[in-house]
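This report describes selected features of one structure, shown below. Please keep the sequence and the model at hand while reading.

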Amino acid sequence: MNNDIFPNIEQAQIDAYNKDGVVILRNALTAPMLTELRTAIASEILNPGPYYHGYATKGSGKFHGNMRLWENNPSFRNISQNSHLPDIAQQFLGSTKVNLFYDQLFVKEAGTPIPTRWHNDLPYWPIRGSQTLSFWFAGDKSTRESGVLEFIRGSHLWDRYFQPEVFGKTRAIDAYEKNPDYEPMPDIENHRDDYDIIHWDLEPGDALLFHGLTVHGAAGNTSQALRRRGYAIRYTGDDVVYDARIGTNKHLSNDTLADGDPLDSDQYPRVRGLQACK
Ligand SMILES: O=C(O)CCC(=O)C(=O)O
């Protein structure tokens, strides 16, 4: 890791991540990286890649989503692979190797009322294992009014898999297959006081780091002034393998891997650790 760019992660931050399932990392992107990210997002919005999953809004605003962006855009590749971010991931994962699972974009323009439903991510993913870490980078100042992410503290330790649902009307996937081992998501929004819900207001370049089982969601962006550009990168560690179970997102699956295989492949490149392949 290049310490001129980013200071070492403190053990207290790693402990907080392990306990709460989420931590904040201020200024996780350098200023040039933030500029590169914003330029890449603008180009993606003008010319969306193949996994575009924009959501229809009632009346105003626009919710632009897409995934596997680095495969088609060198700036997303640069940020997710050739930066200090995999080094940070390696420290939080406590792993000898790091794979880039995929990256994803969530842009809620000002005045987009669509909430992001409460969910956890691992049930959507064709992988299993405990070392799963997402970064969610703020491209803008983000507050509850503009739809910053909220988390249920410690929910990664529940070890519960909630049935995936589509976030809204989308071109990419109409529905998820039901997995009998998954359970329905409880009505968290109408019982918020029953849960330990936390959030941070973010400045551009800040990142939220969270575990694949941490339950999270977001309000719509009701601000008329702030865009809410969110860019997520998902990294995995040593104990994560491919999982061919039903109910996962078919745009994330891989035809060449069998159930139980390590992820190392063109689609999920090993970006840190011996034998980095791409
Ligand atoms: O940005 C959003 O609205 C959703 C983000 C999210 O759910 C994720 O990154 O896992």
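At what angle do helix H2 and helix H3 pack, and how far apart are their axes? The structure is a predicted model, and the answer is given under the first heading.

**Packing of H2 and H3**

Helix H2, which spans residues 31-46, packs with helix H3, residues 74-81, at an angle of about 145 degrees. The axes of the two helices are 9 Å apart. The crossing in which H2 passes H3 is left-handed.

On the H2 side, the contact is made by Met33, Glu36, Leu37, Thr39 and Ala40; H3 contributes Ser75, Phe76, Asn78 and Ile79. Classified by residue type, the contact of H2 with H3 has five nonpolar residues, three polar residues and one charged residue.

**The four-stranded sheet**

Four strands form an open sheet in the order S4-S10-S7-S8, and their pairing is antiparallel. Strand S4 (116-119) and strand S8 (197-198) are the edge strands, each pairing on one side only.

Two bridges join S4 to strand S10 (residues 216-218) in the antiparallel sense. Thr116 stands opposite Ala218 of S10.

**Surroundings of the ligand**

Thr116 and Ala218 are also among the residues around the ligand.

At least two residues of the shell come from each of strand S6 (132-138), S10 and strand S11 (228-236). By class, the shell around the ligand comprises five nonpolar, four polar and one charged residues.

Conventions. Residues numbered from 1 in each chain as written. Predicted model: local features only at pLDDT ≥ 70, side-chain atom pairs only at ≥ 80, totals over all residues. Axes fitted to C-alpha atoms, helices over the stretch in contact; angles between N-to-C directions. Left-handed = near helix turned anticlockwise from the far one by under 90°. Contact = placed C-beta atoms within 7 Å. Nonpolar A, V, L, I, M, F, W, Y, C, P; charged D, E, K, R; others polar. Pairing = 2+ DSSP bridges. Near = placed C-beta within 6 Å.
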